[in-house]
Amino acid sequence: MHVGPPPRGSDLAARGMAADAESPRVFEAWKGSNIFFLQGRFIFGPDVRSLFLTIFLIVAPVSIFCVFVARKLMDEFSSTLGIPVMVIAVLFTLYDLILLLVTSGRDPGIVPRNPHPPEAEIFEDNSEVGGARTAQLHLPRTKDVNVNGMTVKVKFCDTCLLYRPPRCSHCSICNNCVERFDHHCPWVGQCIGLRNYRFFYMFVFSTTLLCLYVFGFSWVCIVKIRNAEQISLWRAMTKTPASIVLIIYIFISVWFVGGLSVFHLYLMSTNQTTYENFRYRYDRRANPYNRGVVENFKEIFFTSIPPSKNKFRARVPREQEYQQLTIGGGFMSPNMGRAVGDIEMGRKPVTWDELRAVTQAGDLEGGLSSRNMVDDKDSELGEVSPDLRREFLSTRGVEVQAALHHRRSSWGRGGSWETMPEVRAVASAMWEKSRIGSGSGSRSMSAANL
């Protein structure tokens, strides 16, 4: 038979490149709830549709202002006043929309998920299963981190399998851990975090200024009409209904965007996030992140934004893809209750009720399997006494229980099929007991024959 020559180094490299090309990109295998556009160049939240409503609420009143108010100022009064007013309104609106898209379409500071849980701390448990002491693997729920000389507790994230950095929180809407998590804003359809908080505040503040701009020149139009026609203010208002609509609309809207601007101005001056302000109440205890008003503002506006920790257009590594397929989601987190059979990290915790149910199912399956095995091995058992036959059935039942138990407690869809240690201990003890009993029974039968 002809055997071809082994592949050369260049052929191996080409095959490796072809394998990498077949692997999906990061944004295609993303486990969060985000929506990507332009092949992973833009990342949005799952509620990105609300972004169109926000754009409409900004563009519609500005369009009415340019068509009915700024144009009236330009035509009936002075082009030197009307044209600059219209141009500034259009440019201000474009600037506001750019800030909106930058806030909504970029990575807010998502912390990449771990492909596997961190190493656990081993400690001895006092419980004994099968006469042997069991060692349990344990991940602490929280860890202490030193921040500016103060101790801050960081929590373990069950979904991302990592200890969250300080000021990081898991967004339940986007299903991601976000650094310096402030809140999830439904109006921009994105989380507000470390990498887009600056642009979020600039968007809110510029929207407030745009509202005040349109509100002010709507009143200027009314006053111009009153002075030109020498009529009362109410009569002048009836001659420009668009100005009245804009004044009412902006009067309602400015309470929201203006109030939000003032609230976040307070948060920045004290170096807090919205999440921390509502959750921890730093006014009742020391804030480890507050370094003074000037330094706090420098941190927000005059520091470089860290690069994204996620390369959404990169290929998923083959090792990580294999781990995601084999490990699955059977990890026992430190936030879950302690379980009886939690010996190895990554196994599904087993409670006493579940263990009892598995044992009963194992008895039924063990009895059926043992009966078939006895029927097949009648020639081997021969004229064995009923006691020894019962010992044989019970031993086979224990083996079937152990097999059923490790089959049900396997890790993930394609993970380890290793039998759990305490099940092996119970099976070994009962097998040893049955072997000793069988040996003594055989010796007694031989003595009786003699």
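Colleague: What does Y249 count as at 30% relative accessibility?

Modeller: The model is predicted: local features need pLDDT of at least 70, side-chain atom pairs count only at pLDDT 80 or more, and totals for chains, interfaces and linings use all residues. Numbering starts from 1 along each chain as its sequence is written, and side-chain values use heavy atoms, without hydrogens and water. Buried means under 20% relative accessible area and exposed over 50%, with partly exposed in between (1.4 Å probe, protein chains only). At its 30%, Y249 therefore counts as partly exposed.

Colleague: Which helix holds Y249?

Modeller: Helices here are DSSP runs of H or I, at least four residues, numbered from the N terminus. One such run covers residues 241-270. The place of Y249 is in that helix, α6.

Colleague: How far apart are the end C-alpha atoms of α6?

Modeller: The expected span is 1.5 Å times one less than the number of residues. For the 30 residues of α6, that should give 44 Å. The value in the model agrees with this, at 43 Å.

Colleague: Where is the kink in α6 centred?

Modeller: The bend at a residue is the angle between axes fitted to the seven residues ending there and the seven starting there. In α6 the kink is about 35°, and the helix is followed by N271, which has a positive phi near 55°. The kink is centred on V254.

Colleague: What separates the C-alpha atoms of L212 and I250?

Modeller: L212 lies in helix α4, residues 197-229, and counts as partly exposed because its relative accessibility is 46%. L212 and I250 are 38 residues apart along the chain. Their C-alpha atoms are separated by 7.8 Å.

Methods
Helix = DSSP H or I, 4+ residues; strand = E, 2+ residues; numbered from the N terminus.
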